[in-house]
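Open the model in your viewer and keep the sequence panel beside it. We will go from the whole chain down to single residues.

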Amino acid sequence: MAKTPSYTCTACGATHTKWSGRCDACGAWNTITEAETLSRTPGKSGLGTARGRTLELSDLGRDEVPPPRTASGIDELDRVLGGGLVEASAILVGGDPGIGKSTLLLQAAASFARTGLDTIYVSGEEASAQVRMRARRLGLADAPVRLAADTNLRDILTTLDTERPKLAIIDSIQTMWLDSVEAAPGSVSQVRAAAHELTAFAKRRGISVIMVGHVTKDGQIAGPRVVEHMVDTVLYFEGERGHQFRILRAVKNRFGPSDEIGVFEMTGAGLSEVANPSALFLGARETQSPGSVVFAGIEGTRPVLVELQALVAPSPHSQARRTVVGWDGSRLAMILAVLEARCAIPFAGLDVYLNVAGGLKISEPAADLAVAAALLSAREDVTLPPETVVFGEISLSGGLRPATQTENRLKEAQKLGFTAAIAPTGGKAAAQKGITLQRAADLTTFVGDFFGAG
Ligand code: TYD
Ligand code: MG
């Protein structure tokens, strides 16, 4: 076995042959560190010693049953998991330090345990007494969860092997270490090896494993992205500082939809579920100010209404600012370019700020039209008709494309007291009692109809 020096990005795990300040793979700065990789010289023939077994594709499925799932009873969590916890699956829960991962998983552990699922919570960060104290604060002291405080992964695997729980929670993967890996805990090779061992163990023993991974800002500690490809399900726990609510988002799920979100609120007694996120996101909405538009979006399987806020002001800088919170910056640039090129509405010399109120991050293309509406509303200082929601995708030609699930969006809008909606023409016909649906054929018509310009 020869040791070859190489460099690894601690944010995404990409390997590089030489050091550089920025990782080409993920674009992160100062995350590349030297790593040692072991290169094994294969035997003479380059083949292994044991022959694996193969199956006919058609053989599968005959006696295949859907994987058994256990629901925790925390609906927001179960939905993101795709209906509950799948047996023998490996799940990664990533998020910024202090966002509430340990709180969420302790509550989940208690809920799973109360449904009868044998659960062990392994903390590598806190002593069992601290975990117990937190559990007491959360009102979970009587839940039948077993606790362990350890960071040596071999010992943990031995514990799991003898105790045979159905679910093991590992908090966090960055604190775990294997004596067979010559690197500090938290390094890319340790985190990778630990996650690999845990995942393999989960499959072999039929134990589900949930691993916590801290998102790291500096290059000393490997981030959760390093292990994303190994696990079945990747969830991220997000939230803005200063906001009480938290979003659990599935970014990868072998056993369910991958764009689902669960919404929670951090309270003094832990995380509580938010069953109606639209009401929460619209809660603090100022009525009808220019630049404010309500977008009827879909997050996973659920419609969510959010307020988009835009501010357009003459720029004192030689290069006008474009600032976006909660949406994609390049998508904003595209909308501005289309408005300029197709509708002759210039934004040069104007600073543009766009904010998704409440801290939700949206990625749906259907937000385009709502963004355009917010920008125009701010620029022209006019408001849309009251109690109106907007959705639809804008193409580079200035055309509008209908959004998916129009009916669900309208239904949600009606439920929250909206009376009108603006959407592109075409697509499946949809109507909702109590909602006046106004259709726009293209961006120019939209601008002309609602902003008296274009
Ligand atoms: P924690 O779960 O420890 O975060 P993580 O494991 O992601 O690092 O959450 C820590 C934060 O949550 C901390 O700032 C305090 C807050 N918190 C509450 O507001 N209420 C609670 O009941 C608990 C347990 C924590
Ligand atoms: Mg924690």
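**Before you start**

This is a predicted model: local features need pLDDT of at least 70, side-chain atom pairs count only at pLDDT 80 or more, and totals for chains, interfaces and linings use all residues. Residues are numbered from 1 along each chain as its sequence is written, while chains are lettered from A and ligands numbered from 1 in the order in which they are written.

**Stop 1: the whole protein**

Show everything as a cartoon. The C-alpha atoms fill a box of roughly 75 × 50 × 50 Å along the principal axes. Helices (H or I, at least four residues) and strands (E, at least two) are DSSP runs, numbered from the N terminus.

Now colour by domain. Domain 1 covers 2–39, domain 2 covers 69–275 and domain 3 covers 280–451. These bounds come from an automatic or database domain assignment. The C-alpha centres of domain 1 and domain 3 are 41 Å apart.

How much of the protein is buried? Of its 454 residues, 43% count as buried. Buried means that 20 or more other C-beta atoms lie within 10 Å of the residue's own; exposed means 12 or fewer, and partly exposed is in between, with C-beta atoms placed from the backbone.

Contacts are worth a look too. Two residues are in contact if their C-beta atoms, placed from the backbone, lie within 7 Å. Among contacts with a separation of 6 or more, 64% are between residues 24 or more positions apart.

**Stop 2: ligand 1**

Select ligand 1 and the 15 residues around it. A residue counts as near if its C-beta atom, placed from the backbone, lies within 6 Å of the molecule. Which residues come nearest? They are G100, K101, S102, T103 and G270. Two elements give two or more residues to this shell: α2 (101–114) and α3 (128–137). α2 gives the most, with three residues.

Colour the shell by class. It has five nonpolar, seven polar and three charged residues. Here Ala, Val, Leu, Ile, Met, Phe, Trp, Tyr, Cys and Pro count as nonpolar, Asp, Glu, Lys and Arg as charged, and the others, Gly among them, as polar.

**Stop 3: the nine-stranded sheet**

Next, select the open sheet with the order β8-β7-β9-β10-β6-β11-β12-β13-β14. Its pairing is mixed. Two strands pair if DSSP finds at least two bridges between them. β8 (145–149) and β14 (270–273) stand at the edges with a single partner strand each, so one side of each has no neighbour in the sheet. The twist averages 25° from one strand to the next.

Zoom in on β7 (119–123). β7 runs parallel to β8, joined by five bridges. Look for V122, which stands opposite A148 in β8.

Axes are lines fitted to C-alpha atoms, for helices over the stretch in contact, and angles run from 0 to 180 degrees between N-to-C directions.

**Stop 4: the seven-stranded sheet**

Move to the open sheet β17-β18-β16-β15-β19-β22-β23, which also has mixed pairing. Its edges are β17 (322–325) and β23. Each has a single partner strand, so one side is left without a neighbour in the sheet.

Pick out β22 (420–424). Four of its five residues are buried. On one partner, β19 (388–390), three bridges make a parallel pair, and V389 stands opposite A421. With β23 (436–440), β22 pairs in the parallel sense over five bridges. There A421 stands opposite L437.

For an antiparallel pair, select β16 (302–314) and β18 (350–356), with seven bridges. L311 stands opposite Y353. Finally, show α7 (329–343), lying across β17 and β18 at about 130° to β17.

**Stop 5: two loop residues**

Select G73, in the loop between β4 (69–70) and α1 (75–81). G73 has 14 C-beta neighbours inside 10 Å, so it counts as partly exposed. Beyond its neighbours within four places in sequence, G73 is in contact with S111 and T115.

End at A183, in the loop between β9 and α5. A183 is partly exposed, with 17 C-beta neighbours inside 10 Å. A35 is 148 residues away from A183 in sequence, yet 8.6 Å away in space, C-alpha to C-alpha.
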